[in-house]
Number of protein chains: 2
Amino acid sequence: MNWRDNVRRVEPYVPGEQPNKPNMVKLNTNECPYPPAPGVERIAREMDCNQMRLYPDPECNVLVEALADFYKLSPEQIFVGVGSDDVLSMCFLTFFNNDKPILFPDVTYAFYDVWANLYRIPFEVCPLDENFHINPEDYKKPNGGIIFPNPNAPTGLLEPLHVVEDIVKSNPDSVVIVDEAYIDFGGKSCLELIDKYDNLLIVQTFSKSRSMAGCRIGFAMGNRELIKYLEDAKFSFNSYTMNQPSLLMGAESVKDRPYFEKTVAKVVNTRERVKKQLTELGFTFPEAMGNFIFASHKSVPAKEIFLALKEQDIYVRFWDKPRISNHLRISIGTDEEMDRLIEALTKIVER
Amino acid sequence: MNWRDNVRRVEPYVPGEQPNKPNMVKLNTNECPYPPAPGVERIAREMDCNQMRLYPDPECNVLVEALADFYKLSPEQIFVGVGSDDVLSMCFLTFFNNDKPILFPDVTYAFYDVWANLYRIPFEVCPLDENFHINPEDYKKPNGGIIFPNPNAPTGLLEPLHVVEDIVKSNPDSVVIVDEAYIDFGGKSCLELIDKYDNLLIVQTFSKSRSMAGCRIGFAMGNRELIKYLEDAKFSFNSYTMNQPSLLMGAESVKDRPYFEKTVAKVVNTRERVKKQLTELGFTFPEAMGNFIFASHKSVPAKEIFLALKEQDIYVRFWDKPRISNHLRISIGTDEEMDRLIEALTKIVER
């Protein structure tokens, strides 16, 4: 007997690749290539740092109200947290308390099974079809809850609204969470369905379309009752998670709709152009609707391309995992960054 | 059957009193009355907000290194989190995995039983003695882990180093966590013991002595092995919790040792003066070693004083709970704020 016997056993941590080289092209973590709204900088410059001595507003009103205004919701329909990971984890804890397994796709965001294990929630994965699409029929069996991203990650594929609605409608006894981290890049959010279905919860993030990964802000939208349950769970064990700089900077960024729309449009334009170029180079990919492309080459193995790019300080994401080991996930950078990528890829696939 | 049946059941949330009136005296949440180190404001003014588009450093190096430098430790001996609540919660999850109950005092920080329940950890409370002191003999029975604050909250009583060492030494098979949120206000940290005992973990916070409650920063110090287990657990389910402004502002605040020492000295001086005045007014209290005084009056009930102060916009903390319902917890504010408190109390107890 030893205190080490009581230590939680987990998979050893392998730090993600966070290169930091002068001329690198970093396309491996789906960050936005453009800075946050200019108001964010103004907030930093004008911040009353004396106020930092006080606990932040636990109800996060300034941020919640800005989001309510942006999405034309009531503040009682919004819950905010420290990045969408924190929000999603809180959703698992709050809504998935049943002996039946929760359901999610086999190829999907890597943390779903982690949180399920953390909270001892049984789960079952539903394989995507051969084109990486969700089959809604897979989600019509007894379950303790459902979660999937839309667009999905790392595929980038968007499911149309009627598929999402079919799943939500078929599961009135389960909370269905739609993880819309990448929805702003051309997808249609299922936000319009939250008044119709009281079991639908949507989770979004400031880390992609709002260029604020460094601030750690995520949020959930749903009917007042769902949001109230989330808040009750959160406040029962940690009242103060969102810090003052995040609340102020996040709120300011939401207020600038024109900047947000312009940034998203730039990323989408670049993506569409790069899709054409990748196709010309012999790549195929599911229709990319996020700020990344999940590409596979007809003859050169993904791992080979990944390593060749890395040698030139161009970083993309590669997983040595079943079903996706011949794909690269390429984040959409600036036009200049994508030019360098295409130039490098041209040489790699043609040699 | 309904999705509501799967919702986590928790105690309904009652928002804490966070008054915000122009001339109020807020002495109810143990915040520091002085602003953070001046360098914090400089960091805000100079912050490169373009960098906000990137994920923050998951290893929090800038902050960890500043702390290592301040406490003369190696960076591998330090773990940081979103306030000490986040750090403590992570410690429960990481180290308290045993069928035997963990032990903590009956009058103590309110979240210990909450986290134990959250992670389904059995626990047993050890009553403080009639003078609110910890009896180390209570902690010499089989257990799955031990945690106590020193100084304790809300009593403010400090246990001497030999009492802490006695408990740590008697429990080589358990991790012993000493929650030193208030240690800087005159207590002696047990930091010097971490090389001697591999089962000792110390948790501290930026919310009190470092005037940064609004930034949400806490940290743990212990031997490399303990810290590694904490990091493994944390990284296994959420890599990015500390945001960029917190990392930068927190690091800068730690670098300014003279400001920190001056601020703490001011709070301590005010506390010692107020202790004398409270005694003259007929209050008694355990020897206060935090930035608060846990006071009880010889004739006027605590609740009556609490309400009378509130009428004058002076906020202190009162709990209608067994053993402590005749006490008020009074945070140490500025000298001017404490003058207003003493003036008000004089009228209340003499009428």
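## How the two chains meet

The model is predicted, and local features are reported where pLDDT is at least 70. Between the chains, 70 residues of chain B are in contact with 70 residues of chain A. On chain B, the side that touches chain A draws at least two residues from each of helix 1 (38–46), helix 3 (83–95), helix 4 (112–118), helix 6 (224–237) and helix 7 (244–255). By class, this side of chain B consists of 36 nonpolar, 22 polar and 12 charged residues.

## The nonpolar core

The largest nonpolar core holds 221 residues, and the members that touch the most others are Cys91(A), Ala220(A), Cys91(B) and Ala220(B). Helix 3 of chain B gives the largest share of this core, with 7 residues. In soluble globular proteins, nonpolar side chains tend to be buried together.

Ala220(A) shows what such a position has around it. Apart from neighbours within four places in sequence, Ala220(A) is in contact with Phe79(A), Val87(A), Cys91(A), Leu201(A), Ile202(A), Val203(A), Ile227(A) and Leu230(A). One of these partners, Cys91(A), is itself among the core members that touch the most others.

## The seven-stranded sheet of chain B

Chain B has an open sheet of 7 strands with mixed pairing, in the order 2-8-7-6-5-3-4. Strand 2 (78–81) and strand 4 (123–126) are its edge strands, each pairing on one side only. From one strand to the next, the twist averages 20 degrees. Within this sheet, strand 7 (residues 200–205) and strand 8 (residues 218–221) of chain B are antiparallel and share 4 bridges. Thr205(B) has Gly218(B) of strand 8 opposite it.

Two helices of chain B lie across strands of this sheet. Helix 2 (residues 61–71) lies across strand 2 and strand 8, at about 130 degrees to strand 2 of chain B. Helix 6 lies across strand 2, strand 7 and strand 8, at about 30 degrees to strand 2 of chain B. Helix 6 of chain B also supplies at least two residues to the side that touches chain A.

## The four-stranded sheet of chain A

In chain A, an open sheet of 4 strands has antiparallel pairing and the order 9-10-13-12. Its edge strands, strand 9 and strand 12 (317–318), each pair on one side only.

Strand 10 (residues 292–297) of chain A is mostly covered, with 5 of its 6 residues buried. Strand 10 pairs in the antiparallel sense with strand 9 (residues 283–284) of chain A over 2 bridges, and the bridge partner of Phe283(A) in strand 10 is His297(A). Strand 10 is also joined by 4 bridges to strand 13 (residues 328–331) of chain A, again antiparallel. Here Ile293(A) stands opposite Ile330(A) of strand 13. Helix 8 (residues 257–280) of chain A lies across strand 9 and strand 10, running at about 0 degrees to strand 10 of chain A.

Technical notes: Residues numbered from 1 in each chain as written. Chains lettered and ligands numbered in written order. Predicted model: local features only at pLDDT ≥ 70, side-chain atom pairs only at ≥ 80, totals over all residues. Contact = placed C-beta atoms within 7 Å. Nonpolar A, V, L, I, M, F, W, Y, C, P; charged D, E, K, R; others polar. Core = buried A, V, L, I, M, F, W, Y, C linked by C-beta atoms within 7 Å. Buried ≥ 20, exposed ≤ 12 C-beta atoms within 10 Å, placed from the backbone. Pairing = 2+ DSSP bridges. Axes fitted to C-alpha atoms, helices over the stretch in contact; angles between N-to-C directions.
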